[in-house]
Amino acid sequence: MTQHALGKTAVTLLGLGAMGTALARTWLAAGHPVTVWNRTPARAAALAAEGARVADGAAAAVAANALVVVCLLDDASVGEVLAGTDLTGKDLVNLTTSTPAQARSRARWAGERGARYLDGGIMAVPPMIGVPEAGGYVFYSGSRELFERHRETLGVPVGTTYVGEDAGFAALYDVALLSAMYGMFAGAAHAFALIHKEDIDPAALAPLLADWLVAMAPAVHQTAEQLRSGDYTKGVGSTLAMQVAGTPTFLSTAEQQGVSPELLSPYFALMRRRLSEGSGSGEEDLTGVIDLLVR
């Protein structure tokens, strides 16, 4: 691999959006030689002033270093940008948001062109890059040997978590966590909507809501254990039957408050379906809803 005089691995970075720029700045600040390229050359000007080498094309950027990091708009952009480059012998790390299927396909594509491949799912926003205490990290999947080779360099901007040889796993973990996040945001939106027309300061609800969500989060461990064992009645505190019986109250409250139930109704419908189709006495937990989602 290309090494700096001080032992710092040289990095090529393709893509200088907000995330790519943040990554480049962090590597530069840590003393890594960085070669950058972006379709809009003007975005590279500030980085050039900070010490980055600006390549005049994607092919030149790829040729500059063994470690090539890609952070572009989407998978199609990756194919377009790398189409005219020589990837033979390169260590290609793709941090572009993609689906698991796209990541697996891109890994095969890279291998056919003589490159080693790692896929990454970034669990951070640009302001978290270079700030260890912010808690951001990147999921990596693909070649374990390649990950270990570049672990130190990849860990400079943000933490690293390796999740397996299957190149699609990083994207899958990424989307799984973000899907749960959006579900949480949906629940929080409904909660704030319920009080929106009342004489209640949303700032007074916010800490109560945050603490409640934190208190409920450990329930995922029980769900995981029930899925592993196949016993959805293990450790149940509030049964499916009990929770289904309580759903009319939530829906009536929404109606009385002039709030659409559309964020809650689909989940409640699945709960009722599970109770009627799959759980007998209803003594199981909510875990059975997962079985209804998997086709």
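Is R116 buried, exposed or partly exposed? At 32% relative accessibility, R116 is partly exposed, where buried means under 20% relative accessible area, exposed means over 50%, and partly exposed is in between (1.4 Å probe, protein chains only). Before we go further, note that this is a predicted model, in which local features need pLDDT of at least 70 and side-chain atom pairs count only at pLDDT 80 or more, while totals for chains, interfaces and linings use all residues. Residues are numbered from 1 along each chain as its sequence is written, and side-chain values use heavy atoms, with hydrogens and water left out.

Let's stay with R116 and look at its partner. The side chains of R116 and D91 form a salt bridge, at 2.5 Å from N to O; the term stands for a side-chain nitrogen of Lys or Arg within 4 Å of a carboxyl oxygen of Asp or Glu. This pair links distant parts of the chain, with R116 in strand 6 (residues 116-123) and D91 in strand 5 (residues 91-94), 25 residues apart. Strands (E, at least two residues) and helices (H or I, at least four) are DSSP runs, numbered from the N terminus. While R116 is partly exposed, D91 is buried, with a relative accessible area of 1%.

Across the whole structure, a search finds 13 salt bridges. One of them joins the side chains of R25 and E50, at 2.7 Å from N to O. Here too, distant parts of the chain are linked: R25 belongs to helix 1 (residues 18-29), and E50 sits in the loop between helix 2 (45-49) and strand 3 (53-54), 25 residues away. R25 is partly exposed at 35%, and E50 is partly exposed at 38%.

Another salt bridge brings K234 and E225 together, at 3.8 Å from N to O. K234 has 45% relative accessibility, and E225 has 32%. Salt bridges that share partners also join D91, R116, E145 and R149 into one network.

Now turn to the surface. L178, Y182, M184, F185, W212, L213 and M216 form a nonpolar patch with about 700 Å² of accessible area together. Patches are made of residues with over 30% relative accessible area and no salt bridge, joining like charges within 9 Å and nonpolar side chains (Val, Leu, Ile, Met, Phe, Trp, Tyr) within 5 Å. Accessible areas come from the Shrake-Rupley method with a 1.4 Å probe, and for residues only the protein chains shown count as cover. Helix 7 (169-195) and helix 8 (202-216) each give two or more residues to this patch, and helix 7 gives the most, with 4 residues. Look for W212 in helix 8: W212 is exposed, with a relative accessible area of 53%.
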